[in-house]
Amino acid sequence: MTTGTVPNSTAPGGFLGRARTFNGVSPAGIGVAWLWLSIIVLLPLAAIAVQSFGGGWSGFWGAITDGNALDALGITVGVSVVVALINVAFGTLIAWVLVRDDFPGKGLVNAIIDLPFALPTIVASLVLLSLYGPNSPIDIHLNATRPALVIALTFVTLPFVVRQVQPVLLELDTDVEEAAAVLGASNRVTFTKIVLPALLPAILTGAGLAFTRAIGEFGSVVLIGGNIPGETQVASQYIQQQIEIDEPVNAAAVSVVLLLTAFVVLFALRIVGRRQSVREDDDR
């Protein structure tokens, strides 16, 4: 009878060694990640949620159904939807031009796309006020109007759709498009039947990011928007106003509504994008 060698359970390849990792990540690494996520994201969100119910459910409901709060939320969501749709149209077009066309200054245009990420948003508001304010050099006066909100929020959300669509276009196989053209398909049919389905998850993700950024934006609208209750006051400005008049519960309640709105939108878009990806994999 021969005696087999028992694997060393303490060796890196042994039972305990394997147990110490989960898909290549150690429990310690996972713990650090959760700790950091909790400190930076989860605990602040929990704190604002708790504060929003400082006056109980009735206080929370009264805060979010106040007339000025509803006006601010309505304006914020309405303008953000418009901004997201503009980004879908022009962001996709810009990404297409940057990937499929060569022209002088292409590198400069590609760099300018990221400028809203680097530029302080209040500087953007100041620039827009100088251009479209009372002393507009081009005689276009949009200060304290909803079109001004749309322009300001479109400026700060410009990169989202572009940067989501660009890598997908770069990886997209053009042989199918060429085959469709050879078979007589028009450019419109080729784009809507072949290209657009492949780009749709990226477009939706970019639109969702643009929308969620817009509903919480403050700096870019603080000067050009005018902060007129019921007209141009967005939710972030309403929250600041409530803090200034010592109504933190109202401010927290509206903040929670914005958080829930952003979460629902991103979650829904993630589901749609995942289903679209599964459908594309099945088609292959």
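Predicted model: local features only at pLDDT ≥ 70, side-chain atom pairs only at ≥ 80, totals over all residues.

Tutor: Residues are numbered from 1 along each chain as its sequence is written, and side-chain values use heavy atoms, with hydrogens and water left out.

Student: What is the mean pLDDT of the protein chain?

Tutor: The mean is 85, and 88% of the residues reach 70 or more; pLDDT is the predictor's confidence in each residue, from 0 to 100. Over residues 1-7, however, pLDDT stays under 50.

Student: Why does A49 count as partly exposed?

Tutor: Buried means under 20% relative accessible area, exposed over 50%, and partly exposed in between (1.4 Å probe, protein chains only). A49 has 30% relative accessibility, and therefore counts as partly exposed. A49 lies in helix α2 (residues 27-52); helices are DSSP runs of H or I with at least four residues, numbered from the N terminus.

Student: Why is α4 called oblique to α10?

Tutor: Helix α4 (residues 67-100) packs against helix α10 (residues 187-215) at about 140°, with the axes 8 Å apart. Angles under 35 degrees count as roughly parallel, over 145 as roughly antiparallel, 65 to 115 as roughly perpendicular and the rest as oblique. The angle of about 140° therefore makes α4 oblique to α10.

Methods. Axes fitted to C-alpha atoms, helices over the stretch in contact; angles between N-to-C directions. Helix = DSSP H or I, 4+ residues; strand = E, 2+ residues; numbered from the N terminus. Contact = heavy atoms within 4.5 Å.
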